[in-house]
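The sequence and structure come first.

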Amino acid sequence: MASPSLKRILIKVSGEALAGDGSFGIESQFLDEVAGQLVDLSQNGYEVAIVVGGGNIFRGMSVAAGGADRVVGDHMGMLATVINCLALGDAIRRLGGNSRVFSNLVMPDVADHFTAREARKTLEEGGIAICSGGTGNPFFTTDTAAALKAVELECDALFKGTKVDGVYDADPEKHPDAKRFDTISYDEVISRDLKVMDMAAFALARDNKLPIFVYALDVAGGVQAIIEGKALSTRVG
């Protein structure tokens, strides 16, 4: 169960969440659903940052597995996150919210270069900080970028949206008897190799005492329902 005392939060969603029922691209219905949740949270007094993956457009690791250069592939994946974040920022504005897109890749004509100082200022002024470009470095996933941004922005918690309503000891889609955890320690997640986020992200969260809430993206009421304890999630840490 999360806590109503949480004030500043970072949400990590996969790029596939914006593709909806499709396997590629951005579906406007699902884009607007994510944007609407963020606007509602902001208007209800929460300070909200978000990191979005790029898997609906490009997966650098998949290309690298086929023999391509991993560094080039990861840079292409970072650019995919910028596309998603620009679309999300526009959707937020259309729904009456205030957002600012930051990028860890320097591209001043497209997005503001990320600094913790400017992103915190955006949050303090009631804007939604949209963080694109991953960490700005290859060999790191957007999960790690989410944990890093949450620490840099001094967030109270990181919310990781997935296809299931928490952390299980096995894939619940393949193992119907899989056990769901209400809470679990960072070390147990790492020792069990539970693949909800990558291990670098969990280690970063553990070292900075950042709680992670794993929840289902399609949960009724969204992240606010998790914060208020009205929906299932797993607290890591």
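## Sheet

Nine strands make up an open sheet of mixed pairing, in the order E4-E3-E5-E2-E1-E6-E10-E11-E9. Strands (E, at least two residues) and helices (H or I, at least four) are DSSP runs numbered from the N terminus, and two strands pair if DSSP finds at least two bridges between them. The edges are held by strand E4 (112-113) and strand E9 (183-184); each has a single partner strand, so one side of each lacks a neighbour in the sheet.

Helix H6 (residues 142-152) packs on the sheet and touches strands E1 (8-13), E2 (47-52), E5 (128-132) and E6 (157-162), contact being heavy atoms within 4.5 Å. The direction of H6 makes about 175° with that of E1; axes are lines fitted to C-alpha atoms, for helices over the stretch in contact, and angles run from 0 to 180 degrees between N-to-C directions.

## Basis of the values

The model is predicted: local features need pLDDT of at least 70 and side-chain atom pairs count only at pLDDT 80 or more, while totals for chains, interfaces and linings use all residues. Residues are numbered from 1 along each chain as its sequence is written, and side-chain values use heavy atoms, with hydrogens and water left out.

## Strand E11 and Thr234

Strand E10 (residues 212-216) pairs with E11 in the antiparallel sense over three bridges. Val236 in E11 is the bridge partner of Ile212.

Thr234 belongs to strand E11 (residues 234-236). Thr234 is buried, at a relative accessible area of 0% (buried is under 20%, exposed over 50%, partly exposed in between; 1.4 Å probe, protein chains only). Not counting residues up to four places away in sequence, Thr234 touches residues including Asp165, Arg180, Phe181 and Phe213. The Thr234 side chain reaches the backbone oxygen of Phe181 at 2.4 Å.

## Aromatic pairs

Rings of Phe, Tyr and Trp (its six-membered ring) pair if their centres lie within 6.5 Å; planes under 30 degrees apart count as stacked, over 60 as edge-to-face and the rest as tilted. By this rule there are three aromatic pairs. Phe159 and Phe213 are stacked, 5.1 Å centre to centre with 20° between the planes. Phe159 lies in strand E6 and Phe213 in strand E10, so this pair ties together parts 54 residues apart in sequence.

Phe159 and Tyr215 form an edge-to-face pair, 6.5 Å centre to centre with 70° between the planes. Both Phe159 and Tyr215 are buried, and Phe213 is buried as well. Ring pairs link Phe159, Phe213 and Tyr215 into a cluster.

Conventions: A polar contact is a pair of N or O atoms within 3.5 Å; within protein, one must be able to donate a hydrogen and the other to accept it, and residues adjacent in sequence count only if both atoms are side-chain atoms.
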